[in-house]
Amino acid sequence: MRTVVRLLGALALALLGACGSSAPDGGDNAEPLPHTDAPPAPLRLAADRAGLRWGAAVSAQPLREDADYRALAAGQFNTLTTENALKFSVVQPAPGVYDFRDADLIAAFARAHGQKLRGHVLVWHNQLPDWLASGTFTRDELIALMRDYIHTVLGHFRRHHADVVLEWDVVNEAFEADGSRRPSIWQRVIGDDYVELAFRFAHEAWPGLPLYYNDFEENTFVILESKIALDGSPQLTRPSGIGATPLLSDCGLIPKCAAIRDLATTLVAAGVPIHGIGWQAHIASVAAPDYQKLSEWIEPLGLRWALTELDAPCPLGPLDDATCHALQAQTFASAARDCIESPACDTVIQWGVHDGYTWWPGLSFGLFGEALAFDADGQPKPAAAALLPLFEAAAR
Ligand code: XIL
């Protein structure tokens with residue numbers, strides 16, 4: 001007998017709070033730079049030729065310790081982003097104490113391998129240090145703290161790494177699924193204008209740096225369905241959802257998307273320095289949404305959009321991997337094609353380097369994983385094979 005458990009987006013994302021990052025680890029500025037001589041692979045070369053930013057979220061620890069990870073991170077991608085190295089709890093673990101060791105290492109790795117770097121993330125409700133999350137602040141104090149943090153982080157990167165930096169996620173996940181503001185410490189203590197203030201401070205700190213609002217699309221999470229046997233073993237689920245609820249791609253029909261659109265419209269009208277919208281693209285649904293349709297309001301506002309955290313999890317266990325990996329390839333290709341075909345998008349970042357490092361098992365009690373285009377041995381999966389002809393066609 002089996003029970004059917006639905007992992008709703010709200011539940012899944014609520015778990016994030018429990019997934020803290022580890023404390024900043026060893027090394028200092030004299031730390032030797034991890035390097036690899038791996039030649040650029042066809043996927044990276046095709047992305048380069050197409051003027052496409054094809055990237056991966058990386059972590060400092062495996063860059064230090066895992067030569068295969070380094071070879072893949074440098075060989076397959078022309079862009080990197082910081083999976084956790086620029087989260088508040090890593091960067092300012094104690095009041096006034098800044099730690100850029102992990103972020104500096106990632107920036108130096110990108111530089112050494114001719115890659116660009118997306119900065120992620122300045123103002124978010126998760127991965128805050130305890131002193132901040134459980135602190136008591138007045139509105140003015142928290143505004144001053146946020147301004148100081150943004151100036152310090154962007155000031156550091158502007159001084160040391162301006163040559164590699166592409167753009168930055170300034171505010172992440174400000175909305176709930178129903179389009180209301182998420183009651184983060186920023187929202188509760190500062191109020192609605194924390195978003196506008198964050199963008200203004202970022203622009204003050206680094207004029208000319210493209211600044212993004214980043215969020216997950218909500219609809220990509222809700223169809224995730226997991227059959228769990230009574231003995232606890234997960235059963236194949238992703239393909240079973242075929243033909244279920246169609247994915248919405250009309251922004252006006254998705255309350256969170258409508259709220260993001262209204263916010264961006266208001267910010268642009270008020271002259272607030274915002275330059276793009278990042279769709280996280282954690283696609284747990286059986287198909288990708290139509291990102292061109294979802295994004296059709298963005299270009300008329302004079303903004304750009306990007307796929308900033310692309311992945312598509314499969315159920316783990318002794319399952320029909322081939323079916324899920326084939327679906328995953330369609331998902332990756334559909335999302336990437338939407339970006340490539342849009343004049344307002346040129347950036348596709350997958351959330352991790354290979355399946356050995358995807359965040360999904362941690363998020364889903366080990367039920368889901370294998371969410372990326374390379375397997376845990378670093379071998380290209382059908383998703384990578386599906387991207388190559390798209391990149392090659394875009395290069396012509
Ligand atoms: C995730 C990391 O991948 C995990 O290692 C960490 O434990 C929690 O955060 N949306 C985001 C990312 O914007 O920063 C999150 O990254 C995934 C969801």
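This is a predicted model: local features need pLDDT of at least 70, side-chain atom pairs count only at pLDDT 80 or more; totals for chains, interfaces and linings use all residues.
Which of its residues are buried? Pick out Cys324, His325, Leu327, Gln328, Ala329, Thr331, Phe332, Ala333, Ala335, Ala336, Asp338 and Cys339. Now show what covers them. The cover includes helices H12 (291-294) and H15 (382-395). Strands E10 (304-310), E11 (314-315) and E12 (347-350) are also part of it.

Next, the nonpolar cores. Nonpolar side chains tend to be buried together in soluble globular proteins. The largest core here holds 103 residues. Select Trp186 and Trp279, which have the most contacts inside it. Then select helix H8, residues 139-161: it gives this core nine residues, the largest share. A second, separate core also has nine residues, among them Ala57, Trp359, Leu367 and Phe368.

Move on to charged pairs. The model has 16 salt bridges. Start with Asp169 and Arg118, whose side chains meet at 2.8 Å, N to O. Asp169 sits in strand E5 (165-172) and Arg118 in strand E4 (116-123), 51 residues apart. Buried or exposed? Asp169 counts as buried because its relative accessibility is 1%. Arg118 is buried too, also at 1%.

Now select Asp355 and Lys381. Their closest N and O atoms are 2.7 Å apart. Asp355 lies in the loop between E12 and helix H14 (360-363), Lys381 in the loop between strand E13 (368-369) and H15. Both residues are buried.

Last stop: Glu31, Arg64 and Asp102, linked in a network of salt bridges.

Technical notes:
Residues are numbered from 1 along each chain as its sequence is written. Side-chain values use heavy atoms; hydrogens and water are left out. A nonpolar core is a set of buried Ala, Val, Leu, Ile, Met, Phe, Trp, Tyr and Cys residues joined through side-chain atoms within 4.5 Å. Buried means under 20% relative accessible area, exposed over 50%, partly exposed in between (1.4 Å probe, protein chains only). Helices (H or I, at least four residues) and strands (E, at least two) are DSSP runs, numbered from the N terminus. Contact means heavy atoms within 4.5 Å. A salt bridge is a side-chain nitrogen of Lys or Arg within 4 Å of a carboxyl oxygen of Asp or Glu.
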